[in-house]
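Trainee: I am new to this structure and would like to know what stands behind the terms. Please take me through some of them.

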Amino acid sequence: MVARAIKRASYTIFAATGVGLVLVALFLLSRTAQNSADFDRLHNVILAINIAGVLVLFAFLVGNLSRLLREYRTHVPGAKLKARIVGMFVGLAVLPLLVVFYFSIQFINRGIDTWFNVEVEEGLENALRLSRAALEMQMRQHLSSTQQISQRLGDVNERQLIFELSMMRRESGAAEITIYGSNNRILATSSDSSSAGLPRPLAEEVLLQMQQNRPYVALDPESYEIRTAVLFSYRGRAEPSGVLQAHFPVTERLARMANSVDTSYTEYQQLVFLRGPLKSTFTLTLTVVLMLSLLSAIYGAFVLSRRLVAPIQDLVAGTRAVAEGDFDTRLPTPTRDEIGFLISSFNDMTQRLATARREASLSQALVEAERTNLEVILARLSTGVLALESDLRIRTANQASGAILGVDLENRAEEFLPDVAKGQPLLEQFVDVAQVHLSAGETEWREQIVLRGEVGRRVLSCACTTLPGDEKHAAGYVIVFDDITALLQAQRDAAWGEVARRLAHEIKNPLTPIQLSAERLRRKYLDSMSEEDAQILDRATHTIVQQVEAMKDMVNAFSDYARAPDIEIGVFDMDKLVHEVVDLYRAQESGIEIVLTSDPTMPMIEADIGRVRQILHNLIRNATEALENTNDGRIDVHVCAAEFEGVDVVQIKVGDNGPGFREGSLNQVFDPYVTTKPKGTGLGLAIVKKLVEEHVGSIRADNNTDGGAVISIRLPIHEAAREAVIARSPGRADKRRERA
Amino acid sequence: MAQDEIERVGYFEIRSASTRLTGGVHTLDARIQLVLSSEALRALSSGVPLTIELQLELIRVRRFYWDDDAAELALRYELEYRPLSQRYIVRNLNSGDQDSFATLYSALNNLGRVQGLPVIDDALLEADSSYRIRLRAMLNTQQYPAPLRLLFFWRDEWQLQSEWFEWLLER
């Protein structure tokens with residue numbers, strides 16, 4: 001920036017120097033035209049200055065012009081405007097200059113020409129001729145009088161020569177008469193008082209003329225004295241003895257007039273001669289001045305245009321910067337005129353834009369932070385939250401939703417939900433229910449959905465609401481759902497536990513008096529009765545006692561269900577335990593075949609051995625009871641270690657070939673008092689389920705395809721496996737926490 | 001006009017030049033051919049006086065140093081044509097002497113003949129130094145008005161100047 005300013009300043013100084021040089025040169029030119037003494041000394045300097053000025057200006061012009069052309073071609077902003085301004089200024093400067101130049105040239109030429117007039121020239125010519133004729137007449141007269149003097153003196157005695165000479169000089173009016181002998185020797189001379197000193201020797205041209213035997217007559221160009229010379233010889237001698245030269249003055253008036261004519265004619269001729277050179281010189285000077293003015297004007301046009309266009313170029317650059325998103329551009333405000341106002345307005349605008357953008361980004365950051373918070377909350381939520389677009393594409397889903405529905409929905413944003421659900425039984429059922437509601441146009445709905453999966457029933461409490469959109473279309477839906485399977489189970493368990501406790505308490509109390517009363521009746525009246533009556537009493541009391549015993553068993557079972565002693569985890573061999581239990585039942589010889597397949601290499605299991613034994617007992621007893629009315633009853637017990645959903649489990653399957661579960665009651669087989677057997681409290685499977693769940697295991701009941709029921713249990717094999725299962729299902733964790 | 005009507009360039013040339021020591025004073029004898037250009041002749045016949053200058057330089061020869069200008073002498077003559085008398089005046093501007101001639105030829109002839117012109121007193125020169133002396137003739141345009149000189153500056157016809165004619169001063 002600074003370097004550029006220095007460069008620009010140096011350009012300006014350089015150009016100003018050029019213009020200054022030119023002005024000085026012009027001034028000197030005008031001065032030296034008047035003062036000729038300095039001309040030669042200054043001429044070269046002036047010339048050099050002029051040339052330098054012109055060169056500097058020309059170089060600048062060429063530079064500026066090429067730059068302008070380059071800018072114009074590369075579409076630099078403002079170049080067109082600059083070109084137009086330069087053109088305008090040049091036009092404005094050049095036209096008047098050319099007009100002035102043309103008229104000046106015309107004026108000078110005409111002005112110089114008017115000095116010369118044909119009539120004046122002719123008049124002067126005639127005056128000269130007239131003067132010449134007048135003088136020539138005198139010259140002829142003086143020549144003839146000289147010749148007469150020469151002849152007369154030839155007759156004169158040599159001794160009287162000087163006397164005669166003086167007399168004749170006075171007679172003829174000559175100023176001086178001299179007689180030269182051979183070798184230019186003066187023989188005699190006579191002069192009037194006006195001429196002083198000795199007469200000068202004969203001039204060469206006089207001698208030349210004399211040698212050719214011709215008289216000599218000439219007019220002195222300065223004094224207009226007439227000089228005559230003739231040969232002089234004494235009478236009787238053949239050889240001329242010398243030369244006689246006479247000077248005749250003209251009258252003062254004539255001399256003055258002759259001089260005037262001579263001078264006027266000379267001056268006029270000089271002017272005529274000077275006419276051409278003068279014209280050329282003036283034209284040349286004018287042309288130089290014109291060139292300099294023109295170049296200066298054009299250069300000025302460039303400078304001015306640059307000045308004018310610079311702020312506009314700044315504005316264009318600034319506008320571009322703003323368009324590219326740079327709002328921090330500040331333009332320098334050079335002037336206080338309208339352009340300055342425009343630029344300061346531009347600066348205000350960019351400042352406001354920058355402020356607005358800062359605020360926008362600030363609020364965006366705030367929104368972003370809120371969103372992040374929300375995401376964190378959603379992720380931590382055990383409730384599944386699934387946001388859908390109106391066309392059922394997934395907008396967002398939290399981690400819990402994926403965990404509940406068994407699909408990782410979190411990373412499936414933008415995908416079509418029914419497509420994601422394909423092959424995912426839980427999600428498929430969920431989507432089916434949701435689609436029924438959504439296609440019916442229900443915007444707000446709430447439903448408890450029961451999903452059947454591999455690990456058993458899942459009960460979801462589901463609520464859907466529509467996101468606000470425009471008038472016709474919903475922007476999307478949010479479905480919030482909770483896995484309330486465990487909650488429901490807990491509620492049910494609690495209710496049944498309470499019922500069982502009360503029943504046990506309320507029913508057990510009167511049973512003993514009933515039994516005792518019946519036994520007392522029997523003891524007191526059996527012997528005193530007739531045999532027929534005694535038989536009746538015996539049967540009746542027997543029945544009462546028997547039924548009371550049964551009821552006691554039932555009440556005990558209830559109280560077992562209600563009571564939940566603390567779980568005691570220990571390590572034991574599952575294979576050994578299962579053999580013990582099965583052997584016990586085999587020993588009863590109930591006519592039922594029990595087939596046990598157990599893997600002896602199974603690892604040791606970490607569990608409450610009492611509870612697991614109870615599970616096995618209950619299951620086998622349950623199967624035994626189911627087979628009471630069946631011939632060839634058979635129970636299959638299958639125990640093995642396996643891996644289920646990445647967790648090490650012990651899998652226990654107890655199947656029978658009895659009548660199986662009633663179709664439609666499969667969902668409720670684990671609820672208390674649900675039984676298909678004539679005997680049984682209906683608590684067996686409920687207790688099993690409770691025990692299994694206490695071990696964070698899973699249980700399911702099914703009917704075999706060839707008849708009979710099968711109960712499958714999966715128990716985590718060790719504590720780590722249990723933790724893994726808990727971690728995977730938020731509902732279980734809650735339940736476990738509750739229990740802890 | 002005695003000289004040709006066709007355009008000619010004109011030239012000045014020193015034909016011969018020498019110095020003699022007569023009576024302790026070095027005198028110059030020289031023959032110079034002066035031929036005027038047509039342009040100069042036109043000016044002369046229009047009454048414009050021409051100044052012809054003879055430049056004489058005396059240079060001390062130094063063996064180990066730049067030669068030294070010991071003396072300079074400029075002899076200026078004015079040549080003028082008077083239309084009334086139709087004569088050419090030759091005026092010695094240094095001495096003021098003047099002479100008139102019927103023809104340009106005789107005037108230029110007179111101008112180009114220098115005889116016994118005293119140059120310098122030998123006593124003024126250093127006794128044991130040797131001197132070179134050189135002469136040239138040129139048309140001087142300094143007395144003309146500026147517009148004319150501006151023009152003459154560019155015209156070859158007005159740049160009449162002989163080469164330097166140089167010889168050793170005999171002592």
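Trainee: Which strands of chain B do the buried residues of H2(B) pack against?

Mentor: They pack against S2 (25–35), S3 (50–61), S4 (68–82), S5 (87–92) and S6 (98–101) of chain B. Contact is taken as C-beta atoms, placed from the backbone, lying within 7 Å. This is a predicted model, in which local features need pLDDT of at least 70 and side-chain atom pairs count only at 80 or more, while totals for chains, interfaces and linings use all residues. Residues are numbered from 1 along each chain as its sequence is written, with chains lettered from A and ligands numbered from 1 in the order in which they are written.

Trainee: Which residues of H2(B) are called buried?

Mentor: In H2(B), residues 104–111, they are Ala107(B), Leu108(B) and Leu111(B). Buried needs 20 or more other C-beta atoms within 10 Å of a residue's own; 12 or fewer is exposed, and in between is partly exposed. The three lie on the same side of H2(B) because their arc around the axis is only 95°, taken from the directions from the helix axis to the C-beta atoms.

Trainee: What makes H4(A) roughly antiparallel to H5(A)?

Mentor: H4(A) (residues 118–155) and H5(A) (residues 161–172) pack at about 155°, with axes 11 Å apart. Angles over 145 degrees count as roughly antiparallel, under 35 as roughly parallel, 65 to 115 as roughly perpendicular and the rest as oblique, so H4(A) is roughly antiparallel to H5(A). Angles run from 0 to 180 degrees between N-to-C directions, and axes are lines fitted to C-alpha atoms, for helices over the stretch in contact. Among the contacting residues are Ile149(A) of H4(A) and Leu165(A) of H5(A).

Trainee: What makes both faces of S3(A) covered?

Mentor: Tyr216(A) and Ala218(A) on one side are buried, as are Val217(A) and Leu219(A) on the other.

Trainee: Why are S12 and S16 of chain A called edge strands?

Mentor: The open sheet has the order S12-S14-S15-S17-S16 with mixed pairing. S12 (593–598) and S16 (698–703) each pair on one side only. The twist averages 15° from one strand to the next.

Key
Helices (H or I, at least four residues) and strands (E, at least two) are DSSP runs, numbered from the N terminus. Two residues are in contact if their C-beta atoms, placed from the backbone, lie within 7 Å. Two strands pair if DSSP finds at least two bridges between them.
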